[in-house]
Protein chains: 4
Amino acid sequence: MTLGTPKQFTRSYGLDEIALVPSSVTLDPDIVDISTTIAGLKLEIPIFASSMDSVVNPKTAVLMGKLGAQGVLNLEGVQTRYEDPSDVLKQIAEVSKKDYVSLMQSIYQEHPVREDLVISRITEIKSHGVTAIVSSTPQIAQWLGPIAAKAGADAYLIQSTVISTHFKTNKQDKILNLADFCKAMPIPVMAGNTATYSVTLELLKTGIQGLFVGIGPGAACTTRGVIGVGVPMATSIVNAASARDDYYRSEGVYIPIVADGGIVNSGDICKALACGADAVMIGSPLAKANEAPGLGFHWGMATPNAILPRGARIEVGTIGSLDEILCGPSKTDDGSQNLSGAIRTCMATVGAQNIQEMHQIEVIVAPSLLTEGKIYQKAQSLGMYKKS
Amino acid sequence: MTLGTPKQFTRSYGLDEIALVPSSVTLDPDIVDISTTIAGLKLEIPIFASSMDSVVNPKTAVLMGKLGAQGVLNLEGVQTRYEDPSDVLKQIAEVSKKDYVSLMQSIYQEHPVREDLVISRITEIKSHGVTAIVSSTPQIAQWLGPIAAKAGADAYLIQSTVISTHFKTNKQDKILNLADFCKAMPIPVMAGNTATYSVTLELLKTGIQGLFVGIGPGAACTTRGVIGVGVPMATSIVNAASARDDYYRSEGVYIPIVADGGIVNSGDICKALACGADAVMIGSPLAKANEAPGLGFHWGMATPNAILPRGARIEVGTIGSLDEILCGPSKTDDGSQNLSGAIRTCMATVGAQNIQEMHQIEVIVAPSLLTEGKIYQKAQSLGMYKKS
Amino acid sequence: MTLGTPKQFTRSYGLDEIALVPSSVTLDPDIVDISTTIAGLKLEIPIFASSMDSVVNPKTAVLMGKLGAQGVLNLEGVQTRYEDPSDVLKQIAEVSKKDYVSLMQSIYQEHPVREDLVISRITEIKSHGVTAIVSSTPQIAQWLGPIAAKAGADAYLIQSTVISTHFKTNKQDKILNLADFCKAMPIPVMAGNTATYSVTLELLKTGIQGLFVGIGPGAACTTRGVIGVGVPMATSIVNAASARDDYYRSEGVYIPIVADGGIVNSGDICKALACGADAVMIGSPLAKANEAPGLGFHWGMATPNAILPRGARIEVGTIGSLDEILCGPSKTDDGSQNLSGAIRTCMATVGAQNIQEMHQIEVIVAPSLLTEGKIYQKAQSLGMYKKS
Amino acid sequence: MTLGTPKQFTRSYGLDEIALVPSSVTLDPDIVDISTTIAGLKLEIPIFASSMDSVVNPKTAVLMGKLGAQGVLNLEGVQTRYEDPSDVLKQIAEVSKKDYVSLMQSIYQEHPVREDLVISRITEIKSHGVTAIVSSTPQIAQWLGPIAAKAGADAYLIQSTVISTHFKTNKQDKILNLADFCKAMPIPVMAGNTATYSVTLELLKTGIQGLFVGIGPGAACTTRGVIGVGVPMATSIVNAASARDDYYRSEGVYIPIVADGGIVNSGDICKALACGADAVMIGSPLAKANEAPGLGFHWGMATPNAILPRGARIEVGTIGSLDEILCGPSKTDDGSQNLSGAIRTCMATVGAQNIQEMHQIEVIVAPSLLTEGKIYQKAQSLGMYKKS
């Protein structure tokens with residue numbers, strides 16, 4: 001019998017617990033370069049839109065691209081199951097909370113992914129002259145990967161709640177070998193999600209050209225409540241960035257990492273970059289766009305799971321155009337608009353001229369504990385307490 | 001005069017403060033084995049139902065057994081005091097908060113435990129071909145233990161808020177010697193509750209075949225408020241598991257431990273197993289079953305205490321059948337349904353093929369502090385704030 | 001110029017952050033001795049009632065004494081300013097929140113302390129055959145101390161928000177020399193409040209026979225908000241207990257310490273004793289008694305300060321008789337009733353046969369953080385959230 | 001490529017997390033000296049009013065000066081853009097939350113700063129015989145600095161969210177060289193804001209005579225949410241005070257530091273001084289004055305930013321005259337009135353005879369976590385919970 005070692009309770013940190021410390025330099029925002037390059041593709045704004053039905057359809061993927069950011073289209077969502085997904089998206093937005101999970105389960109079970117729709121969605125994005133990145137789970141990547149590449153996709157993202165290079169099963173035909181897949185694919189492959197140093201290092205050796213980081217930290221994700229698994233984002237990024245840097249030191253190849261999940265405002269994006277991320281992937285901040293397919297709602301990808309649904313549907317509302325959210329000018333003061341402007345202002349403020357310099361900015365633990373003052377203040381701003 | 005040593009403030013941890021970290025392996029859920037063996041009895045699902053009146057009666061004990069889990073019947077509750085306890089259970093559910101403690105005190109004082117009912121309840125469970133485990137406090141075990149064994153019980157659980165091997169009193173006739181009791185009983189004996197390494201080690205030497213761990217962490221338990229005593233669950237399990245492993249190393253006997261108390265959803269169960277538990281005992285998650293005797297309410301065992309009642313009554317509501325709660329499929333995304341599926345998914349996700357491997361999974365401290373973002377999110381999900 | 005040393009941020013702990021850990025022994029409650037002896041006076045229950053107008057008048061002082069506990073009468077409150085204080089107590093209970101501070105200020109400014117009332121209040125208490133302990137601030141002790149002793153008081157408590165042996169002023173006639181006062185007084189003198197090791201040690205050398213510990217932790221005390229001063233109670237007790245034990249080791253004299261402030265339920269009392277207190281002084285838990293002079297309200301002593309009032313008035317309600325609160329039986333499960341029974345049960349549970357053994361019980365840091373689960377649970381019990 | 005070092009998560013502390021510990025001396029408040037000298041100007045009360053439109057206009061600057069404190073007039077706010085700013089201040093107070101940011105942006109964009117108004121505002125303040133201190137951002141200081149000095153200002157404060165001695169831009173004509181500016185200005189120059197040891201040390205070498213400390217901690221400041229930047233105030237002060245003391249040790253020049261931001265009551269002021277501040281700058285506590293130009297509202301300076309507005313408008317109400325707030329007597333017990341009296345009482349309580357001694361007082365970490373007890377207490381005081 002193998003016994004476990006007595007548990008050590010090591011502290012981990014979320015983005016809402018940290019803050020950035022200015023360096024001895026400040027910069028004119030005009031000389032700050034916020035661009036990043038991942039899988040050989042340059043992004044003027046280091047932001048990916050999550051491959052979720054509430055965020056990315058061909059239309060918003062094109063918009064994101066034209067603005068200098070990057071949408072990722074989920075090849076297993078409603079876009080590739082329905083010729084015209086507008087009705088089903090409306091149903092999701094309007095269903096009662098009670099019937100939500102059942103609806104999602106039935107939608108997915110009754111409408112399989114269609115190869116023709118995979119091809120037409122990618123063709124549609126490419127016809128507007130922007131980069132097309134698509135994603136699927138590992139199970140389905142062997143089928144859809146070659147189809148997507150042939151249809152013109154520029155990169156393929158394999159995404160799983162938790163990815164590893166060692167997947168054990170008793171059904172040998174099912175396994176995706178990530179190294180083989182990277183070799184076979186004519187376009188760059190990215191993968192995720194991971195949260196630790198050792199798994200990151202193993203994944204970097206497979207030939208992927210980008211790694212998505214983040215397990216269980218997101219707003220539309222209940223992984224931690226349902227299965228207890230999750231690593232707070234700041235710690236996840238630091239873990240993965242250490243592996244990326246060590247891999248670069250030993251192999252001379254720099255494979256960028258993308259912080260994915262639990263990023264709710266522009267402050268979080270800045271913190272993720274300072275922790276070591278080369279870009280971020282965000283869902284709920286973009287689900288609030290007027291153009292977002294979620295119609296003011298946001299939901300996770302694990303919900304349709306027939307056996308163990310996870311991921312709540314949240315009403316996020318709409319706050320402005322995708323252009324305003326990404327490029328401003330901002331009409332609010334809560335970090336929800338002008339995300340690229342906030343990144344630029346932050347980097348100027350702390351003295352980082354590009355993303356590489358941003359990785360060197362000092363971070364501190366500065367818990368946003370709900371002290372008495374804060375709850376009172378928050379309460380007021382929410383109109384939440386009524387004095388008797 | 002013996003002086004105390006200056007207090008050291010050592011930090012302890014609750015299950016809601018920790019999270020599990022994936023290993024470098026992931027598994028097909030189909031090859032995960034979630035079964036456990038305690039006191040020689042195999043459980044397909046590593047879950048005990050708490051020996052509480054709101055959770056276990058003969059009917060739910062049978063249901064639990066048929067589903068692969070295990071109910072424990074409290075021999076000192078209403079089931080052995082009333083021929084037909086349905087009326088009194090209804091009264092408990094309907095009494096006002098103000099009159100609740102008084103009602104509980106009068107119920108227990110006016111209706112003593114009846115030997116004939118002890119026998120008939122056990123007989124009823126056994127007649128359905130499932131394992132019968134019963135429990136009592138140490139005081140009453142010497143009387144009821146032999147009766148229960150004779151009636152066909154498969155194991156006996158001696159349960160006390162805090163158990164020790166050294167009980168001091170000036171009434172020598174009252175003491176239960178645990179080692180003697182284990183020797184005398186023809187069926188396996190389990191005991192609890194404990195929270196520290198040293199007491200666990202002493203108890204393991206008495207001949208018990210299972211140990212219940214957890215002092216004062218439960219939702220229906222106010223021990224910590226009333227008498228200041230309590231050890232958060234994650235720390236309790238790690239303490240007890242260390243003693244269990246050391247005992248196994250020195251004696252070659254593996255005595256399983258069961259995490260009991262303060263476990264509110266499937267995520268908590270997964271965390272308890274990763275901390276080192278061989279199984280869990282849960283109350284409130286099962287009190288929500290349609291079949292639960294508590295009729296949508298859940299309450300603790302210390303309430304009827306005539307002098308110092310502890311344990312509040314909580315309205316938990318009903319959310320589905322016991323089958324749905326234990327085996328799914330889940331219709332919610334909050335960790336309240338398909339508990340066994342969640343355990344299986346968790347173990348597949350973190351790469352643990354059986355409970356022994358689960359004990360080796362890394363845990364981190366990842367406080368679920370109510371940060372501003374979380375309270376807002378929580379507020380929305382509860383429909384609790386009204387924007388002005 | 002003397003420069004400050006760079007600040008070290010040392011963590012301190014409050015009672016609500018700690019919990020008690022059972023030892024390897026459990027006890028029959030019948031053999032537990034909860035009595036304590038302070039200033040040569042034996043208390044069957046180790047509880048002082050705070051010298052506050054909302055808690056102690058001659059009537060409740062007598063009641064406390066007959067129950068085995070000890071009231072302390074404030075010689076500077078309404079009892080010694082008004083022949084019949086019942087009207088003014090009613091005014092305090094009924095005044096609006098807005099006018100509360102002004103009322104308190106005017107009451108104190110217009111009605112000086114009367115020597116005749118000091119004498120008659122003490123005489124009244126003594127006439128019932130119970131111990132009489134009275135208190136004042138240092139300023140007034142030189143005047144009232146001899147009067148109180150002559151009137152029959154058994155001990156005198158000098159109480160100040162913060163007491164020290166070195167008081168600097170430019171009005172030399174005003175200073176109270178504590179050592180001289182102790183020598184001059186024919187009855188035992190106790191003093192407070194303190195929170196650190198070094199000040200405690202200095203005070204123990206003055207001849208006092210009891211020391212009250214606690215600066216700024218109390219529910220009716222806003223010292224920390226108004227002047228930033230305060231030491232959480234668990235740390236204060238541990239600091240003072242270390243000094244007491246060191247003084248006993250070097251001088252052979254054991255001078256008991258009393259934890260005073262911020263103790264809101266029976267669990268807190270148990271924790272204070274385990275941290276090293278020989279007794280506790282409590283206000284709000286006793287202000288809830290039917291007999292309490294505060295008529296369901298509780299307020300601090302610093303409120304009438306003409307320049308910088310501190311201490312809020314809190315509506316605590318009434319929950320039962322003083323007898324029920326101190327000696328039970330309890331009809332609630334929240335630690336508000338049967339305080340002595342809770343102490344006894346706690347000590348039996350953790351295996352401490354007397355207060356000295358209680359000082360040796362292990363304490364852990366077990367923060368009662370408001371995690372999501374707890375706020376939901378708390379919310380339910382308060383009926384605070386309304387689901388939309 | 002330069003790689004970042006793996007992040008260390010160092011803990012920082014806010015003022016609401018710390019408390020002051022009494023020393024072995026207590027003082028008669030009458031012998032406490034709370035005065036401070038900054039930039040050669042003596043303040044009887046160590047409090048600056050924030051250079052914000054909601055707090056300081058010529059009238060309140062004069063009032064502050066007459067009371068012994070010091071207002072700082074923002075030369076870029078409404079006072080120097082409008083001949084009569086009363087209408088626009090009324091609009092700001094009355095605009096809906098939705099239209100607030102747009103209004104602020106339009107006000108600033110349509111009404112440039114007028115040199116004649118800069119001169120007349122300063123003249124107005126000086127005509128009442130009090131010290132006049134004015135402020136601007138670095139960009140505009142080269143233009144307004146000489147004008148202000150000529151108009152009679154006694155000191156000039158250059159204030160930026162984050163200031164550094166190394167500002168990089170590709171527009172060389174724009175840069176303010178702080179050392180050159182200090183040399184050129186005929187009046188003392190102060191600067192801010194900073195939060196770290198190294199930047200403080202660099203700034204102290206430029207010739208400034210006072211340094212403002214605090215980045216992103218304030219109530220009307222959302223810098224941390226929008227760009228992730230911020231250092232909790234207690235840590236910021238300790239960092240800067242260490243640099244100030246080291247500079248004094250090596251150069252023999254003592255340059256005072258002022259804690260600016262996030263100070264909400266008198267307790268916070270006392271803590272800031274004990275952490276090492278020579279004075280504080282406060283906004284919201286003074287915005288509550290009857291005479292405050294904000295008419296019961298308070299807002300930040302970064303709001304009018306056309307691209308990335310930060311800083312919320314908060315309704316703070318009015319609680320009394322500026323005289324009552326600064327000098328009392330207090331009619332409340334929440335640390336909002338008699339700020340100077342609270343400082344004096346605090347220093348007497350902890351045994352600090354002047355600000356230098358105050359820097360040597362012990363501080364501890366004593367988190368004001370919202371424990372169950374505190375939320376209940378808070379709830380009651382807010383009348384926020386309704387029992388069912």
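Predicted model: local features only at pLDDT ≥ 70, side-chain atom pairs only at ≥ 80, totals over all residues.

1. For chain A, the secondary structure amounts to 15 helices and 17 strands. Of its 388 residues, 59% are buried, and among the contacts in chain A with a separation of 6 or more, 67% are accounted for by residues 24 or more positions apart.

2. Helix H4 of chain B, residues 115-126, has 12 residues and extends 17 Å from its first C-alpha to its last, which is close to the 16 Å expected at 1.5 Å a residue. Its buried residues are B:Val118, B:Arg121, B:Ile122 and B:Ile125; viewed down the axis of H4(B), the buried residues fall within an arc of 95 degrees, and they therefore line one face of the helix. The partners against which the buried residues of H4(B) pack are helix H1 (58-67), strand E7 (70-74), strand E8 (133-136) and helix H5 (138-151) of chain B.

3. In chain C, helix H9 (residues 233-251) packs with helix H10 (residues 266-275) at an angle of about 30 degrees, their axes lying 8 Å apart. Because angles under 35 degrees count as roughly parallel, H9(C) is described as roughly parallel to H10(C). The crossing of H9(C) past H10(C) is right-handed, and the contact is made by C:Met233, C:Ala234, C:Ile237, C:Val238 and C:Ala241 of H9(C) together with C:Lys271, C:Ala272 and C:Cys275 of H10(C).

4. Two peptide bonds deserve a check. The bond from C:Gly328 to C:Pro329 is cis, with omega near 0 degrees, and C:Pro329 sits in the loop between helix H12 (322-327) and helix H13 (339-350) of chain C. The bond joining D:Gly192 and D:Asn193 is also cis, with omega about 5 degrees; here D:Asn193 belongs to strand E11 (residues 189-194) of chain D.

5. B:Leu295, in the loop between helix H11 (284-287) and strand E15 (297-298) of chain B, has phi near 55 degrees, and B:Leu295 counts as partly exposed because it has 16 C-beta neighbours inside 10 Å. D:Asn338, in the loop between helix H12 (322-327) and helix H13 (339-350) of chain D, likewise has phi near 55 degrees, but with 26 C-beta neighbours inside 10 Å D:Asn338 counts as buried. For context, most residues other than glycine have a negative phi, and most peptide bonds are trans.

Key:
Residues numbered from 1 in each chain as written. Chains lettered and ligands numbered in written order. Helix = DSSP H or I, 4+ residues; strand = E, 2+ residues; numbered from the N terminus. Expected span 1.5 Å × (residues − 1). Buried ≥ 20, exposed ≤ 12 C-beta atoms within 10 Å, placed from the backbone. Arc of directions from axis to C-beta. Contact = placed C-beta atoms within 7 Å. Axes fitted to C-alpha atoms, helices over the stretch in contact; angles between N-to-C directions. Parallel < 35°, antiparallel > 145°, perpendicular 65-115°, else oblique. Left-handed = near helix turned anticlockwise from the far one by under 90°.
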